[in-house]
Amino acid sequence: MTTISGSGTTTTGSGTSNSAVRTDPSAAGVGGAGRATVPDRKHSTELLSEQGRTSIADAVVRKIAGVAAREIAGVHELGTGGARAIGSVKARIPGASASVSQGVAVEVGQRQAAIDLDVVCDYGVSIVDLSQSIRHNVVSSVEGMTGLEVTEVNVAVDDVYIGDEGQEDSRRVE
């Protein structure tokens, strides 16, 4: 039998464990018991519960990680040279949209995820600081949105964006 106490501890027949559900003592009714409130985001990792199982597709984690990485100042693009070339051709096709998961590879288990990112950074940005900021934002976003524990975020800087190199060549010719 499972009960929820005011301290946020769930007692089961086999022992006690911390629960993601908190009770609100100010919402006590006639019987004096508080009602359950929204679970803490930090602790809402119960993807498998008594009520059922939640599965999260790899594509979902890829998109979240891709958006989170692009939010960091200094990230110019994601993807290796070949993937960026295909992406630029695809972007010229009417009705096609750029993939937010380009340059992102994930391995998703039942409770954990590992993420690999291929990054093109802007010239002049500290790559060490950039990779730490990317890791922090990706971990926060993925864990906050999915409840999965992110075990690692590997950042591979594949290129440095210097500017429109085609314009530099044309200036030299003039």
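This is a predicted model: local features need pLDDT of at least 70, side-chain atom pairs count only at pLDDT 80 or more; totals for chains, interfaces and linings use all residues.

Trainee: Is Thr 146 buried or exposed?

Mentor: A residue counts as buried when its relative accessible area is under 20%. Thr 146 has 8% relative accessibility and therefore counts as buried.

Trainee: Which residues does Thr 146 touch, leaving out those up to four places away in sequence?

Mentor: Thr 146 touches Leu 47, Ile 56 and Ile 64. Another pair to look at is Thr 146 and Arg 111: they lie 35 residues apart along the chain, and their C-alpha atoms are separated by 9.5 Å.

Trainee: What about Ser 141: buried or exposed?

Mentor: Ser 141 also has its place in helix 3. Its relative accessible area is 18%, so Ser 141 is buried. Not counting residues up to four places away in sequence, Ser 141 touches Ile 64 and Ala 68.

Trainee: How do I describe two helices that pack together?

Mentor: Two packed helices are described by the angle between their axes and the distance between the axes. Here, helix 1 covers residues 58–70 and helix 3 covers residues 127–146. The two pack at an angle of about 140°, with their axes 8 Å apart.

Trainee: Which residues of helix 1 and helix 3 meet?

Mentor: From helix 1 come Val 61, Ile 64, Ala 65, Ala 68 and Ala 69. From helix 3 come Ile 134, Asn 137, Val 138, Ser 141, Val 142, Met 145 and Thr 146. The residues of this contact divide into 9 nonpolar, 3 polar and no charged.

Trainee: And the protein chain as a whole: how many helices and strands does its secondary structure have?

Mentor: The secondary structure comes to 4 helices and 11 strands. The chain has 174 residues, and 25% of them count as buried. Its accessible surface comes to about 11300 Å², with 51% belonging to carbon and sulfur atoms. Turning to contacts with a separation of 6 or more, residues 24 or more positions apart account for 61% of them.

Conventions. Residues are numbered from 1 along each chain as its sequence is written. Side-chain values use heavy atoms; hydrogens and water are left out. Buried means under 20% relative accessible area, exposed over 50%, partly exposed in between (1.4 Å probe, protein chains only). Contact means heavy atoms within 4.5 Å. Accessible areas come from the Shrake-Rupley method with a 1.4 Å probe; for residues, only the protein chains shown count as cover. Axes are lines fitted to C-alpha atoms, for helices over the stretch in contact, and angles run from 0 to 180 degrees between N-to-C directions. Ala, Val, Leu, Ile, Met, Phe, Trp, Tyr, Cys and Pro count as nonpolar, Asp, Glu, Lys and Arg as charged, and the others, Gly among them, as polar.
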